[in-house]
Amino acid sequence: IAVALLLYLPHDFKQFSRSLAGVALFGSNFIFARWNGYFADPISTIPLLHTWSLAVEEQFYVLFPLILLALNGYFKDRVVAIRLTVYALFLISFALGIILLPVSPEKTFSLLHTRAWELMAGSLLALHLKDLRVSSRVAEAMSIVGAVILLLCFFLYDRNTPFPGLAALPPCFATVLLLWSNINHVTAVKKVLSSKPLVIIGLISYGLYLYHWPVLVFDRYYFDQEPAGLHALVLVALTFLMAILSYVFIESPIRDGGVLKRKPLFLVSAVVLVAFGLLGVAGVHTNGFPARLNEAVLKYAQAGEVKAGENSAAAIPAQCDDLVFPGVTGDKICKFGASPASRPDFLLWGDSHAATLQAAVAVQAMANHLTGWSIIRSGCPALVDADRADHFVDYSCPAISEAMLDTIHRNNIKDVLLVTRWDMYALGWEKGSVETAREPFISYETSDGRVLLRKEAFSASFLHTIRTLDAMGVNVWIVKQVPPQLVYVSSAMAKAQYLGRNPDHLQRSYADIVQRRGYIDAVFADAAKTYPVHFIDPADKFCPQQKSCLIASDGQPLYMDNSHLSPYGALWSQDMLQPFFQSLQSLKK
């Protein structure tokens, strides 16, 4: 709490406060279940993120004994009743984890009903242990198999592994094998795990778990990059030191009863938890105690508080109605410009990047006495029939594209502006970027039934999109992409101001931007050889003289995060859209 108060910007401290209140109620997993991705920013700046697992355990250890007590009192043959109940709960929880993972990965990862079976695997072993005696040779083999499976999981699983679901079964099964084979036998694996260095690590392992994540998070937050080399080793050493001190001066004295007896200990714990909870509530309701910081810092920090998917054109008069189309629910078609009620002169189509640019498009439409409509769906590329294959969204991107084509056809729209974060759908997150969620990618099914992914899906679906729109007589304009940054610009600029750093090192070179989008530009160039596609390159505006690319202007950040324009950035860059509107004016004449 002290470090977060000293270091964190208001928005980040507000998120920290929300998690602090959750921890005080043993319910932080419910808080994090609503956030997107364990390693996604801004969630990776939450020092208490790892407490989701403690919350699951605490909930299990409250409910499971109550269930056992109820069974003990109401059934004559309590052993059979307990076994059947454990079997049933284990199977139900395991099945829910598999079924719900594609539908709601964050909730499946974080909540008790889909993770309880992993804890109950130990219950199953305990219920049958006396009946499961094996020979020393079999125990040796089981122990080795368990260790090998765990090592394979360690090396083969990464942030893209759908988890828990079926992927949680091998490590849990391996752990059961290790326990089963070593309770009544001394295997080679047991000898290794019983060695003094590993036993010492085991003694301080709870502290290692508690402290490793805050240490990493605060370091990442301060330096705006992942630790590596000697820097990383220093953090590991610091974590070990904190865990040892914690074991010696906190954990052991409390276990031994040398600090507080049972009743005072529970009373003090309850008082402290209530205090933490109230502080968390206060941090949320004050929006992170912004009075701690000066106005210059807040100006940068607050630019990132608009969510990327929100319509940054909120201040621009626009009429938004439900988009009525089969398979599409909760989406809007927005109308803006000179005469929103009339037939549109153009259509803006895209994802959250289109949403953040819409303010600039609307201003330009008004200035040029033109009317525009928009169909925007965060997370869906402006590509016909391309779908998300990474379970990132729970809606149909192809249905959105069909609605877009239907809108064009019914309203005889002849000009379409496509705005999308093209590189993400084809290439995934950029190495070295603050974005570390599950790897995003798209799929596309060809006319002969082949399902393409990632680069191949992007290339085929982009060509299909241009071909389809050209056949409809549509003039296609592509906004290539705002230069992506490696840091969350608003936050990084605010921290640079707060900590007295030179922000120039945050800027990326034009060469880096060109290298990142090389594949995308090649796909664009190939399509332009066949079809009359027009391009707008934001790099011409953001990277003057093709050197370093701007991330701020006149003390205002141009980005909300690392790729979405801030409201100021959208309006600052609006003149890059002039070729599109000049073309519309010439066609209108």
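**View 1. Helix H12 passes helix H13 in a right-handed crossing.** A crossing is right-handed if the near helix is turned clockwise from the far one by less than a right angle, and left-handed if anticlockwise. Welcome to a predicted model, in which local features need pLDDT of at least 70 and side-chain atom pairs count only at pLDDT 80 or more, while totals for chains, interfaces and linings use all residues. Residues are numbered from 1 along each chain as its sequence is written, and side-chain values use heavy atoms, with hydrogens and water left out. Helices (H or I, at least four residues) and strands (E, at least two) are DSSP runs numbered from the N terminus. H12 and H13 (residues 229-255) pack at an angle of about 140°, their axes 8 Å apart. Axes are lines fitted to C-alpha atoms, for helices over the stretch in contact, and angles run from 0 to 180 degrees between N-to-C directions. Residues of H12 that meet H13 include Tyr 206, Leu 216 and Phe 223, and among their counterparts in H13 are His 231, Phe 240 and Glu 251. Contact here means heavy atoms within 4.5 Å.

**View 2. Helices H19 and H22 pack at an angle of about 30°.** The axes of H19 and H22 (residues 518-530) are 10 Å apart. That makes H19 roughly parallel to H22, a label for angles under 35 degrees. H19 passes H22 in a right-handed crossing. Look for Phe 458 and Phe 462 among the H19 residues, and for Tyr 519 and Phe 524 among those they meet in H22.

**View 3. Three strands form an open sheet in the order S5-S7-S8, with antiparallel pairing.** Two strands pair if DSSP finds at least two bridges between them. S5 (387-388) and S8 (451-453) stand at the edges with a single partner strand each, so one side of each has no neighbour in the sheet. S7 (residues 442-445) pairs with S8 over 3 bridges, and Ser 443 of the sheet stands opposite Leu 453 in S8. Helix H19 (residues 454-471) lies across S7 and S8, at about 55° to S7.

**View 4. Helix H20 (residues 489-499) is largely enclosed by the rest of the structure, because 8 of its 11 residues are buried.** Buried means under 20% relative accessible area, exposed over 50%, and partly exposed in between (1.4 Å probe, protein chains only). Among the buried residues are Val 489, Met 493 and Lys 495. The buried residues of H20 pack against partners including helix H2 (10-24), helix H12 (205-223) and strand S11 (552-553). Just after H20, Gly 500 takes a positive phi of about 70°.

Conventions. Angles under 35 degrees count as roughly parallel, over 145 as roughly antiparallel, 65 to 115 as roughly perpendicular and the rest as oblique.
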